[in-house]
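Trainee: Could you walk me through helix packing and chain contacts, please?
Mentor: Gladly; let us look together.

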Amino acid sequence: MADPADPQVLDRSWRTWSSLIVIAIVLTGALLGVLIIPAVQGRSAGIDTFTAICRALGILPGSPAVQQVVSRNPPTPVSQVVWTPGVLQILAAANPERGRAKVTEVCFACHGENGVSISPDIPNLAGQSGAAIYKQLHDYRSGSRTNQSMTDIAKALDESVIADVAAYYAGQPMRNPNPRTLGASEAAIKLVELGDPNRNIPPCSACHRHGSGGPIETPVLSEQQEGYIMAQLKMYASGQRRNDVYGRMRAIAAKLTESEVKDLSAYYRAGLR
Amino acid sequence: MRNAERLCLAHFWVAFAAFAAAAVLGAWQMWVRSPLGAHIGTPDDYYMSVTAHGVAMAYVLTTFFIMGFGYFVAVTSLDRPLPGKAWAWLGFVVAVIGVVMVVITIAAGKGSVLFTFYPPLTASPWFYIGLVLVVAASWVWCVLMLVAMAQWKRHNPGQPVPLAMFATVANAVMWLWTTAGVAVELLYQVIPAAFGLIQTIDVGLARTLFSWTLHAIVYFWLIPAYIAFYTMVPRAAGGRLYSDTMGRITFILFLIYSLPVGMHHLLMDPEHGSGTKFIQVFLTAFVSVPTLLTIFTITASLEIAGRLRGGRGLFGWIAALPWERPMVLATGLAFVMLGFGGFGGLINMAYGMNAMIHNTSWVTAHFHLIFGGSVVIMYFAIAYEIWPRLTGRAYVSLQPLRLQLWLWFVGMMVMTLPWHWLGLQGQWRRVANFNYDNPIIAGWGPLVDVSLVGGLVLLVSALLFVRNLAALHRGLPAAVPRPLYALAVHPPRQVPAALNGFGLWNVLVLVLMLLAYGFPLAQFVITPSPSAMVHRIQ
Amino acid sequence: MPETNTSAADGSLEAVDEVDEAALAEVMRTVPLGAGVLAGGAVALLVLGYLAIYLLIFLPRGVVG
Amino acid sequence: MSEAHHPAHERRILGTELLWAFGVGVLVAVLLGMVLFTALTQNINPPSNVERIDPKNLHLSGEFAEQNLGTVVAADGSVTTRIIATQFMFAPHCVAVPQGRPVTLRLASPDVIHGILVTGTNVNTMVVPGFVAQVHAQFTRADELLMPCHEYCGLGHSEMWATVQVLDAAAFKPDAEGRVTCAQR
C-alpha cells in the first residue's frame, strides 16, 4: 500500500477531487440555467420547453418567460441613405477629377468652383465631409429633401457622379477662420461646447466638428453661410425639412430660441472649431 | 536585493506618478459634476479626463505596480537573482513607450473612448497600440515570473514554492489567460477599424471578448493585496499565518474562478441568452469563496498576533494589535472597505437584481471601494513596507504614513457611501454634467456635494502618499531591515504537486472557459451578428 | 541575510518577530474563536444586507425580465 | 516538537478551515437560492432578447422606422413601446406607459452602444447595435420619470435622456390607431 504522505499519492486525490468539484459546479449551473429555469418559466408563460430552452441559450429571440411581441407594418422612411461599407467604398473610390467636370458644368454657378458659395443663403461646400454631401444629394434625388433647384439637379445625377462631386468638394481647402467674425456670443459658445442639459440639447460640437465620432452623415460646421444655417434650423424646427434620420435635428432645432438660432448662425459663419 | 532595487523603483515610480495625476483628474471630475462646479469645462475636456483617469488608474498604476512588486517578490522570496533582468528592463522601456503614446493621444483629444473602449466608437489607433505595448510588456513580466519559479524549483526539488512567489506566479498565469480576450478584440476588431482597414464592427462579439478580460483583470489588480495579507501582514502584526495551505488554495481559486465569470458584466446585454448568463452568475458566486476564505484566515492570523501581544477575551486581541504599523492599519481599513464593496458586489452579481443598479453610481461606488479602497490601500502599505528595503533608508516618523492611510479610508467612505444611495435612485454613469434644474436630479445635489468632499480628501491623501515616499529617498541611511515574509503556524514541508504548480489548474481553466464562453463566443462565429458602422473620435 | 534588531522606535517598521513557541502553543488553544465570531458576524451582516435589499427594494420595484 | 507543531494540530487547523469553508458554501447556496427562487417563481431574468437586427437600415422600414416609434396598444390589449437610442437622443423623447399593466419596451440603436435605465424602477438594459433590446416591465406608480442613456456613446452622451410618463388608466388613452403619446404638461 502506498504511503498516504507520499506527494504523488496526495497529488492524485487532489487532482481527482478538485476536477470533480469544479466540473460538478459548472454543470449544476448549466443544468439550472439552461434547462430547469427556462422549462419552469416557459411552462408558466405557455411557451413549450424546447422554445424556452432555445431562448435561454440565445438561439431563438425572446425571453423564456414571456410571449414574444409581433412587429408592425413598414412605413415610409425619411431618408433612403443607408451607411454601409459599400457606400463608404463608393465614396473612397470616387474620382475628384470627374467631380470637377460636373462641378464646372453645373454646381459652380451657386456653390463656386472651389466650394465657396455666391450667396449667404447657399451653403459653402469647401472641405465639407464627403459623406454629408453624398447624403444630401441622395436625399434630393429620392425626394427625402426638396429644394426648387437642387431637386431637379440631383435627379439628373447618378450614384457615382454624386460620389465624385462629394469627393471633389471634400478635397477643397476649407477657408481659414475669418478674424472679423470671431466675436461670437457667449450663448452660442455655450451651446456649441456645452449644449444645454436642461433642454436635452447636446453640444453642437459633439457631432458637427471633424472627428467627433457622431453620426456619419453630419456635416462639419465651420465657415458656413449664415443665412443658410438660419434657414435650415427654421425649416427643421417647423418640420418643413425632415430628412434627418430619427428627427435628431428637428428635435434640437425646435428647442432653440430665435436669438439662439441667430447666434449659432453667426458663430458658424466664423467656425471657431 | 541583488541589485533589482532600481528595476523595482523604476516601475513603482511610474505607477505612482500616474496615480497622482489620475487622482487630480478624479477630483476635478467630481467637482464639475457636482452642483458646485456645474458648467465648468466642456464635455470634451471631461471625457478626455475620464479616459486619462481610467487608463492611469486601471492600466498604468496597476500594471507597473504589479510588475515591480513581482520582481521584488521573485528576488526576495526566492533569494536568487532575477533571471533575464535585461528582458525586464526591455519590458519596462516598451511599457513606458506605450504609456507615452497613450498620454499623447489622450491629450490631443484623440483618445476619448474611456478605458473600456465602447466600439464601434474608435479612437486614434495609437491610443490602442500604446495600450497593447503595455500589455505586451506585462507578458514579458509573466514569462520572467514563470522562469524564476521554474529555476527555483530545479534548484530546490520537492520543496514548496514560497507562498508569495506561488501567488505571484498564479497572478502571472491568470494574466496570460485574462489578456487573451482584450488582445483579440483590439488586434482583430478595434485597431483595424481605427486604421480604417475595416468599416464595421460586430459589437456583440467585441463586448463578449472584452468581458472575457473585464472581470479577471480586477483580480490581477487585487492579488498583490492578497499577497500582502497572507505573506506580510501576519509578521507585521507580530504573529504567524494561520494556514499556508489555505493561502495556496485561495490563489488557485482566484486563478480558476475569476476567468469564466466575465459575462456578469453583460447581464443587461441583449446579445446573450439568459441561460448562458446564469451559468456565469452561478460561477460568479464561487469567486466570492477565496475572498471569504481569506477574511477568515487573515483574521485568525491577526488573532494569533493579538493574543501573543497579550490580548484576552473574545475580542481583546483586536485592541492589542500594533495598529501603529502601517501594514496592520491598512489591513484593518482594507477589510472594512472590502466588506462594503463586497456587499455591493453581491448585489451586482444577483442576476435579475443587477437591473436595479446596472450602470449607476452604485457600480462606480463598488469598484472604487474594492479597487481604489481595499486594493490600493494595500498598494500603499506594500510600498511603505518595502521602500526602506529598496532605498536603504528609514522613516523619521510613521505619523504621516498613518495619517495618509486614514485620509484614504475616510475619503473613500465619504465618497462612495453617497454613491450607493444615488445609484439606487438611478443616478447614471459617465456623464460630464447633471441638469440640477430637473426636480429628480436636484434632490441628488446635496449627496453629490458630500461625495465631492470625499474626493478632495482622497486627493490630499494621494499627494501625501507621494510625498511620504519621496521624502524617504532623502531619509537617513539605515541598517538592512529584517525579513519581511511571515511564517505559517505550520510552515509547509512538502505540499502536493497540485498546490506547488499550475498544470492541473490550467487544464481546469480551459475546461471552464470552454463551458462558460464556448457557446457565447461561437454564436458570433456561426452567424456573425449584423455589424455596426465604425464611429471615429479622432 | 543578516538580521539586525532595530529598536521599537516609531521610525522602525519592523515587527517583533521572534514568536515564542510555548506562547504560540498557548494562544493556539483559543485561536480562531475570536476570528470566527468576528468574521462570521461580518459575513452574516453581509447576507442580511443582501436579503434586505432584495426583499425591501428590488422586489417592490416590480418584476422585470 | 512543540504542541503547536504536531501534525494533529496542523490537521485541526485544516479542519477548522474546512468548517469555515462549509459556512461559505452555505452562504453561496443562500445567495444563489434567492436568485433561483425568484427566477422560478416570479420569472425574473436579466433582459436577454438575442434578437438580431441590422443597425444600418433600421430607419428604412420595419418596426423601428420613425413613424412606428412610441407606445402602441395592440388589439389584444398588450402594450408595446418602441424606442430608438441614437447619438445623442431618444426617439421619441417622451415615452408614455400605463400604470400597473405589463409593458414590453423594445429598443434598438442605429449607431453605437447605448443603454437605458428608468429612475426608481428596475427597468434597465443595454442597447447594442445589431440587437433588439427588450424589457418586460410593470410601472407601479403614476409619475414622471427620467430615462437617461447610461452608457458612454460619444461626446454628447450627457445630454441624452428622455422622459417616461407613467399614466394612470384615466390618462392612458390610445387613439384610433392604438397609439399613446405623452400628455402635454
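Trainee: How are helix 5 of chain A and helix 6 of chain A oriented to each other?
Mentor: A word on the source: this is a predicted model, where local features need pLDDT of at least 70, side-chain atom pairs count only at pLDDT 80 or more, and totals for chains, interfaces and linings use all residues. Residues are numbered from 1 along each chain as its sequence is written, and side-chain values use heavy atoms, without hydrogens and water. Angles of 65 to 115 degrees count as roughly perpendicular. Helix 5 (residues 130-142) and helix 6 (residues 148-155) of chain A pack at about 90 degrees, with axes 8 Å apart, and are therefore roughly perpendicular.

Trainee: Which residues of helix 5 and helix 6 of chain A make the contact?
Mentor: Contact means heavy atoms within 4.5 Å. Helix 5 of chain A brings A:Leu137, A:Tyr140 and A:Arg141, while helix 6 of chain A brings A:Met150, A:Thr151, A:Ala154 and A:Lys155. Four of these residues are nonpolar, one is polar and two are charged.

Trainee: How many residues do chain C and chain B give to their contact?
Mentor: Chain C gives 38 and chain B gives 49.

Trainee: Which side chains meet in a salt bridge between chain C and chain B?
Mentor: A salt bridge puts a side-chain nitrogen of Lys or Arg within 4 Å of a carboxyl oxygen of Asp or Glu. There is one between these chains, joining C:Glu21 and B:Arg240 at 3.5 Å, N to O.

Trainee: Which element of chain C gives the most to the side that touches chain B?
Mentor: Helix 2 of chain C does, with 15 residues.

Notes: Chains are lettered from A and ligands numbered from 1 in the order in which they are written. Axes are lines fitted to C-alpha atoms, for helices over the stretch in contact, and angles run from 0 to 180 degrees between N-to-C directions. Helices (H or I, at least four residues) and strands (E, at least two) are DSSP runs, numbered from the N terminus. Angles under 35 degrees count as roughly parallel, over 145 as roughly antiparallel, 65 to 115 as roughly perpendicular and the rest as oblique. Ala, Val, Leu, Ile, Met, Phe, Trp, Tyr, Cys and Pro count as nonpolar, Asp, Glu, Lys and Arg as charged, and the others, Gly among them, as polar.
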